[in-house]
Each structure stands twice: as C-alpha cells, then as structure tokens.
Amino acid sequence: FINTYKHTSANCGKNLERYKILQQRIQEAGKAGPTFTGGGFNARIQNKEGQQDKRIIGPNTFDKHNARTREYTGEEGHPDNRTQLIAMCAEKDQIICNTWYEKPEHKKLTFRHMSTQHGPPWTRRNGYETLDYILTPQRWKNTVKDVETDKDANIKSDHIPLVAKIVIKLKAELKDTSSAYRDQIKDLEREIKDLIHEDLENEES
C-alpha cells in the first residue's frame, strides 16, 4: 500500500518530481506482489478525453454531467494535475479504482469546499468534488471488489475518506516434504516390525 499526496493545480509543477518518485515506488513494490496506491491527487478526471482514458477511467465518475476538468489548467508551462495522473497511470498500467463502481453521488465525492455546508445537493456546483483516488495495476484489478467514500466519517478535514474492499488470494508456499514423508514411513515400518516381533515372542513364550 502506497500513500501519496500531490500539490493543488496552482503548484502542479512541483508534482513532476513527486510522480517520478511515485513511479519508482510502484515499480519496486510491484515486484513483491499486488500494489495499491491511494491519496490526494488533486486531479479532476470526470470525463474521458481519449482512447487511453477508457482503459484507466471507469464509467462512474462524480457529477460527470457537470464536468469542469479544464477550468483548472495549473501552472503555465507545466502539465496540469489531470494530465500528470493519466500519464502516470498509462506508464504503469494503472486503473483508477473508484471510477469503476456504480455508486450514488454522495459515495463518489472525496472533497467538500470549506464554505459548503454538509448535505445535499451532492454536486460540483455545491462545492463537492472528487480529488482523491485509489489506483492498482490492471493485473490486480480483480482484487478490488468495491470502493466508496464515507461522507459521515467523524474526521476534521475537507477531504472525505475512501474505503476499499480488497480480497487477495494468497498461494500456499510449497515445501519439499518428500524426505520428511519418507522418514515418517520408515519410522512407521520400524514400529510395525517391533510390534510383530513382540507378538511372536509372546506366542513362543
């Protein structure tokens, strides 16, 4: 499990180095088994903008009929947060898990503006947004069974926690038990011979 945080769109240039480090972490962790990356990416991905996006983004994004992804273009001369996130996902073959599950809008949002009172309508125009995501490689996508947010979590933050249900089936480690098994057979054979010998001695006596 890898945790990460990316700067807001006003300082998206600082995220370039952070994404390099994140890709290294994903590469290293992936050698050992399933990896899951979660955190605040500060990226708006409510609509798909190309063929590449269809492999990364699912059909269940927050308030997708009121998309505003291009209102936050970020620092001049640097790719915006959305572009950086999608590029990293494409490079490391990741999917954005919380976009692949059909949920009511209040279980998709991960951010509430400080001026927004808690409650409906659960829309972008009312100050809600999705900025936090859980990622996993395409290879391990079937291990993630569900993702949703808990809008009523008792924490003091403008961000709303994501909860993921992950099921991993681990293979048992195979051990060479052949020699131990042979030893057990030999011990059993000796015990049987001893019992037979003892019975014969008793009969003779």
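This is a predicted model: local features need pLDDT of at least 70, side-chain atom pairs count only at pLDDT 80 or more; totals for chains, interfaces and linings use all residues.

Visitor: What is the order of the strands in the open sheet?
Guide: Its four strands run in the order β1-β2-β6-β3, with mixed pairing. Helices (H or I, at least four residues) and strands (E, at least two) are DSSP runs, numbered from the N terminus. Two strands pair if DSSP finds at least two bridges between them.

Visitor: Which are the edge strands?
Guide: They are β1 (2-5) and β3, each of which pairs on one side only. β1 and β2 are joined in the parallel sense over four bridges, and Y5 has G40 in β2 as its bridge partner.

Visitor: Which strands does α1 touch?
Guide: α1 packs on the sheet and touches β1, β2 and β3. Its direction makes about 175 degrees with that of β1. Axes here are lines fitted to C-alpha atoms, for helices over the stretch in contact (heavy atoms within 4.5 Å), and angles run from 0 to 180 degrees between N-to-C directions.

Visitor: How many residues are in the largest nonpolar core?
Guide: There are 16, and L22, F41, I45, L85, I96, Y133 and L135 touch the most other members. α1 (15-30), α3 and β6 (132-137) each supply at least two residues of this core, and α3 gives the most, with four. Such a core is a set of buried Ala, Val, Leu, Ile, Met, Phe, Trp, Tyr and Cys residues joined through side-chain atoms within 4.5 Å. Buried means under 20% relative accessible area, exposed over 50%, and partly exposed in between (1.4 Å probe, protein chains only).

Visitor: New topic: is N42 positive or negative in phi?
Guide: N42 has a positive phi of about 50 degrees, although it is not a glycine. Most residues other than glycine have a negative phi. N42 lies in the loop between β2 (37-40) and α2 (51-56) and is buried, at 9% relative accessible area.

Visitor: And what about D93, buried or partly exposed?
Guide: D93 is partly exposed, at 33% relative accessibility. Its phi is also positive, near 55 degrees.

Visitor: Which peptide bond is cis?
Guide: The bond from P120 to P121 is cis, with omega near 0 degrees. P121 is in the loop between β4 (111-112) and β5 (128-129).

Methods
Residues are numbered from 1 along each chain as its sequence is written. Side-chain values use heavy atoms; hydrogens and water are left out.
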